[in-house]
Amino acid sequence: MKKVTLFILMASIYSTLDAQTMKVYKGSVTTPIYEINAADSVIVSGDISYVPEGVDIPQDAIHVYEAVKICSQLKNGESTQSVYHVKGWITTINNSTPSDIDQYGNATFSITDLPHARFAATFQAYRVYGKNGQKLTNINQIELGDYVVIEGKLTNYYGTAETSTKDTPHIYSSSNPNF
């Protein structure tokens, strides 16, 4: 029941969001669980997390919650016409990624707006390549906790917000020194 209530809460928040600030509340309407703002910082239970220094973030980069909202407005299998930059923290890496990097030079992982939150919206970076669309060559180029910017078209794959593989999505920038 808690998950359903939280899902309904998140859905209603996404539908009325201002692109500048997102706050998620649980229990108390005066203390948000987390807040995302346009200054590229995330406040989680009063603690603030800033985007790591040195990450190249384009002016038009959007948060994960915005990418999820865009994808939710697409039909199943439909992709956006425009290319987007989606920014967030890597929270999970697909188990097949080491062999995908070895065989194909691409990786699949999930990113979120919040580095350590359990209930944050996630975006699937599906089969993304490295800088400028070049093949990834080393599994250490992506790691849990990295802050990345993904460039590519967005798609709704049966309810999953992810990158479209049609136009070589890639990692635009990353906080990982191996990248």
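Predicted model: local features only at pLDDT ≥ 70, side-chain atom pairs only at ≥ 80, totals over all residues.

**Stop 1**

Valine 64 sits in helix H2. Is valine 64 buried or exposed? Its relative accessible area is 0%, so valine 64 counts as buried. Now draw a C-alpha to C-alpha distance from valine 64 to tryptophan 89: the two are 9.4 Å apart in space and 25 residues apart in sequence.

**Stop 2: the largest nonpolar core**

Next, select Val86, Phe109, Ile111, Phe123 and Ile150. In the largest nonpolar core, which has 22 residues, these five touch the most other members. Colour by element and you'll find at least two core residues coming from each of helix H2 (64-72), strand S6 (84-93), strand S7 (107-112), strand S8 (122-128) and strand S9 (147-152). Which of them gives the most to this core? That's H2, with 4 residues.

Centre on isoleucine 111. Ignoring neighbours within four places in sequence, its contacts include Val64, Val86, Trp89, Ile90, Phe123, Val148 and Ile150. There is also a second, separate core of 5 residues, and Val51, Val55, Tyr147 and Val149 are among them. As general background, nonpolar side chains tend to be buried together in soluble globular proteins.

**Stop 3: down the axis of H3**

Pick helix H3, residues 97-104, and highlight Thr97, Asp100 and Ile101, the buried residues of this helix. Turn the view until you look down the H3 axis: the buried residues fall within an arc of 100°, so they line one face of the helix. What do those buried residues pack against? Show S6 and S7, and you have the partners. On the face of H3 turned away from the buried side, look for the exposed residues Asp102 and Gln103. Then step on to glycine 105, which follows H3 and has a positive phi, near 80°.

**Stop 4**

The structure holds 2 aromatic pairs.

Tyrosine 157 is partly exposed at 48% relative accessibility, while tyrosine 158 is exposed, with a relative accessible area of 63%.

**Stop 4: the S10 and S11 hairpin**

Stay here and show strands S10 (residues 154-157) and S11 (residues 160-163), which run antiparallel and are joined by 4 bridges. Find leucine 154 and you'll see threonine 163 of S11 standing opposite. The hairpin has 2 residues between its strands, and tyrosine 158 takes a positive phi near 50°.

**Last stop: the salt bridge**

The structure holds 1 salt bridge. Select lysine 153 and aspartate 167, whose side chains meet at 3.2 Å, N to O. Lysine 153 is in the loop between S9 and S10, and aspartate 167 is in the loop between S11 and strand S12 (170-174). Aspartate 167 counts as partly exposed, at 45% relative accessibility.

Methods
Residues numbered from 1 in each chain as written. Heavy atoms only, no water. Core = buried A, V, L, I, M, F, W, Y, C linked by side-chain atoms within 4.5 Å. Buried < 20%, exposed > 50% of the residue type's maximum accessible area, 1.4 Å probe, protein only. Contact = heavy atoms within 4.5 Å. Arc of directions from axis to C-beta. Pairing = 2+ DSSP bridges. Salt bridge = Lys/Arg side-chain N within 4 Å of Asp/Glu carboxyl O. Phe/Tyr/Trp six-rings, centres within 6.5 Å; stacked < 30°, edge-to-face > 60°.
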